[in-house]
Amino acid sequence: MPVQLTTALRVVGTSLFALVVLGGILAAYVTGYQFIHTEKHYLSFGLYGAILGLHLLIQSLFAFLEHRRMRRAGRPLKLPSSQRRSVALCIAAYQEDPEYLRKCLRSAQRIAFPNLKVVMVVDGNRQEDAYMLDIFHEVLGGTEQAGFFVWRSNFHEAGEGETEASLKEGMERVRAVVWSSTYSCIMQKWGGKREVMYTAFRALGDSVDYIQVCDSDTVLDPACTIEMLRVLEEDPQVGGVGGDVQTPGKGLAIERNQ
């Protein structure tokens, strides 16, 4: 079967499945039908819960089948030294629990990938945010390959007392620290997670082939980078890969830097 036809069928099938699930959830919400409930409804199990449970079961089944397929097809990624790909791990940090941040940085240090560049951008440059820079120094700062910069601004908003010249100088300093350091930490003016990721991407530019991202409370498996990179290298049509994250709401991904 042609690849385009297979892709079209998958899109149609996924869309229909999504519509069925959405329709079932809406019907359950409107009718409020319950299979089992206690006298005062302290405990109940209804149509809405059944649909969500079925959805979770189907997701788990497909995840299991995909994991089994990957394990069977899995093989070490071996690239000739002349074609070695470069990767940067970007960590977004905002008022993180100190112990979670330590675990994240230690796990990043243990990633089994040669010359991995780690960039942590802290969303906030106030005194109460300084503990995250201290933790960076504690875990990754004991080497000449580490660099940091506390920036009064970010790429879209100037900080207090910043002039046009000093703002431009700060931008250049951010790039210089990221480019010259294996481990770098940038503290910048608060702007939200998108601003944090923008700083990391803007500073890296085209210096690496792939960019991997995660939150500052994510504990990374040592093989995560090489495993996700394998998927990208084996199929040029794949532009991004999500990791197997076991905590809801957390993210781990790697994408081509284009």
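UniProt positions are given in the numbering used here, and annotations may be inferred rather than shown by experiment. All views show a predicted model.

**View 1. Residues 12-36, listed by UniProt under "transmembrane region".** The unreviewed UniProt entry gives two stretches under this heading, residues 12-36 and residues 42-65. In the predicted model, the chain over residues 12-36 is 80% helix and 12% strand. The C-alpha atoms at the ends of this stretch lie 35 Å apart.

**View 2. The second largest pocket and its lining, to which α1 and α2 each supply at least two residues.** The pocket holds about 150 Å³ of space. Its lining consists of Gly 13, Thr 14, Phe 17, Ile 58 and Phe 62. Helix α1 spans residues 3-31 and helix α2 spans residues 47-73. With three residues, α1 gives the most to the lining. Sorted by class, the lining comprises three nonpolar and two polar residues, with no charged residues.

**View 3. The crossing of helices α5 and α6.** Two packed helices are described by the angle between their axes and the distance between the axes. Helix α5 covers residues 164-180 and helix α6 covers residues 193-204; their axes come within 8 Å and cross at roughly 70°. Because angles of 65 to 115 degrees count as roughly perpendicular, α5 and α6 are therefore roughly perpendicular to each other.

**View 4. Residues in the contact of α5 with α6.** From α5, Val 174, Arg 175, Val 178 and Trp 179 take part. They meet Thr 199, Arg 202, Ala 203 and Leu 204 of α6. By class, this contact has five nonpolar residues, one polar residue and two charged residues.

Technical notes: Residues are numbered from 1 along each chain as its sequence is written. This is a predicted model: local features need pLDDT of at least 70, side-chain atom pairs count only at pLDDT 80 or more; totals for chains, interfaces and linings use all residues. Side-chain values use heavy atoms; hydrogens and water are left out. Axes are lines fitted to C-alpha atoms, for helices over the stretch in contact, and angles run from 0 to 180 degrees between N-to-C directions. Helices (H or I, at least four residues) and strands (E, at least two) are DSSP runs, numbered from the N terminus. Angles under 35 degrees count as roughly parallel, over 145 as roughly antiparallel, 65 to 115 as roughly perpendicular and the rest as oblique. Contact means heavy atoms within 4.5 Å. Ala, Val, Leu, Ile, Met, Phe, Trp, Tyr, Cys and Pro count as nonpolar, Asp, Glu, Lys and Arg as charged, and the others, Gly among them, as polar. On a 1 Å grid over the protein atoms alone, a cavity is a set of points where a 1.4 Å probe fits but cannot get out, and a pocket is an open set with protein on both sides within 12 Å along at least five of seven lines; lining residues have an atom within 4 Å of a point. Grid points are joined across faces, edges and corners, and a volume is the space filled by probe spheres set on the points.
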